[in-house]
Amino acid sequence: MDKPLLELRTVAKQYISFHLEVSLSIRPGELVSILGPSGSGKTTTLRVIAGFEKPDTGKVFFEGRDISIRDPSKRKFGFVPQDYIMFPHLDVEGNVAYGPKVQKTDPKAVKKRVSELLGVVGLGGYARRSVHALSGGERQRVAIARALAINPGLLLLDEPFSALDTPLRRELREEILNIKRELGIAILFVTHSQEEALSISDRVLVMRDGVVVQRGAPSEIFKQPTDDFVARFVGSANLLPIVCMGKGDRGLMVQGERVFTVESTKSLPKGEHAKLMIRPHCLYFAGSTEMNAIPATIRRRQFFGHYYEYTCQTPGSSLSVVGPEFHEVGDDTWIAFRPADVVLLPEKKP
């Protein structure tokens with residue numbers, strides 16, 4: 001396995017009402033997303049890495065060297081903040097070339113580099129255009145090309161698509177993956193969108209209240225959340241309170257609204273309280289004799305093009321069910337889940 005390109009070792013930063021403490025690593029060529037709600041510490045972590053904030057304790061290493069107190073301009077990281085700004089008096093080429101020119105790079109090399117990068121971000125032929133004539137998506141591409149123009153060792157992106165509409169966000173996600181493929185650069189991507197994080201990342205770090213609460217591959221984060229917060233933040237989740245009843249013939253027996261059979265890698269003692277996490281697409285409409293069937297009444301139906309989302313009232317809770325079938329609001333029905341399609345979340349001890 002490659003040695004870490006970037007490593008944060010127990011980096012801590014104390015503010016009046018917020019404490020950050022985070023460890024992370026990024027390997028060469030890897031795209032890692034930091035995912036979390038507003039105020040979780042995502043941008044602060046990025047600013048510590050970029051050098052705009054100094055850690056109170058802990059170390060930041062890049063290529064094996066301690067850069068914790070190194071000036072931001074000496075770190076040679078490409079940084080695209082949320083509120084990126086174009087230089088209004090410069091055309092597209094001038095904006096992208098700004099960094100290399102400040103570094104006194106050979107003008108011919110700068111021109112060649114700018115031309116290559118505009119091609120990479122899909123703006124070939126835009127060099128002489130005024131930035132005032134660009135759309136929001138085109139300006140974002142210019143900002144990314146400008147960050148790449150200094151040949152950075154790492155690209156830092158702080159919620160770069162937050163101001164863009166959904167189709168454009170999807171298009172630019174493809175551009176980020178294209179940049180990663182063509183340039184082989186490592187990327188740290190900060191976002192509050194689980195769709196963005198899951199769709200483009202090699203690994204995802206979920207943050208809450210200044211700490212990383214789970215890290216792993218996107219599929220692992222989605223399918224095996226470690227607690228209620230991750231389950232709900234990374235996609236929709238139904239959470240059913242249960243009590244463990246012990247092993248049965250076909251799996252672990254738990255008492256919820258009914259007695260359910262589940263498959264779980266977690267072993268819980270009899271009488272232990274926990275929650276079953278069931279994604280809406282893992283629930284389905286079934287007959288009353290189906291394993292793990294629950295009686296329900298459909299209270300709401302929403303159409304999303306390729307599927308319907310139903311809110312179903314059961315005797316003890318309200319569950320979200322996703323599927324292609326059409327059902328009438330007010331229908332009495334049964335919904336069920338397969339034993340392997342749930343995650344057991346043990347109750348946290350105080």
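Which residues is Ile176 in contact with, leaving aside its neighbours within four places in sequence? Select Ile176 in this predicted model and show what surrounds it: the contacts are Leu31, Ile144, Leu157, Phe161, Ile187 and Ile200.

**Stop 1: the nonpolar cores**

Ile176 belongs to the largest nonpolar core, which has 36 residues. Val96, Ile176 and Ile187 are the residues with the most contacts inside this core. To see where the core comes from, colour the elements that give two or more residues to it: α3, α4 (107–120), α5, β7 (154–158), α6 (166–183) and β8 (186–191). Of these, α5 supplies the largest share, six residues.

**Stop 2: the largest pocket**

Two or more lining residues come from each of α2 (72–75), β6 (77–80), α3 (92–102) and α5 (136–148). The element that gives the most is β6, with four residues. By type, the lining divides into 16 nonpolar, four polar and two charged residues.

**Stop 3**

Go to strand β1 (residues 6–14) and pick Thr10. Its phi is near 45°, a positive value in a residue other than glycine. Thr10 has a relative accessible area of 43%, so it counts as partly exposed.

Then move to the loop between α3 and α4 and select Lys104. Lys104 is not a glycine either, yet it has a positive phi of about 60°. Lys104 counts as exposed because its relative accessibility is 74%, and the cut-off for exposed is over 50%.

**Stop 3: Ser317**

Select the loop between β17 (308–313) and β18 (318–323), where Ser317 is placed. Is Ser317 buried or exposed? Ser317 is buried, because its relative accessible area is 16% and buried means under 20%. Not counting residues up to four places away in sequence, Ser317 touches Leu240, Glu257 and Cys312.

**Stop 4: confidence**

Finally, colour the chain by pLDDT. The mean for the chain is 89, and 97% of its residues reach 70 or more. Confidence is highest in strand β9 (residues 203–208), at a mean of 97, and lowest in strand β12 (residues 251–255), at 73.

Terms used:
Residues are numbered from 1 along each chain as its sequence is written. This is a predicted model: local features need pLDDT of at least 70, side-chain atom pairs count only at pLDDT 80 or more; totals for chains, interfaces and linings use all residues. Side-chain values use heavy atoms; hydrogens and water are left out. Buried means under 20% relative accessible area, exposed over 50%, partly exposed in between (1.4 Å probe, protein chains only). Contact means heavy atoms within 4.5 Å. pLDDT is the predictor's confidence in each residue, from 0 to 100. Ala, Val, Leu, Ile, Met, Phe, Trp, Tyr, Cys and Pro count as nonpolar, Asp, Glu, Lys and Arg as charged, and the others, Gly among them, as polar. A nonpolar core is a set of buried Ala, Val, Leu, Ile, Met, Phe, Trp, Tyr and Cys residues joined through side-chain atoms within 4.5 Å.
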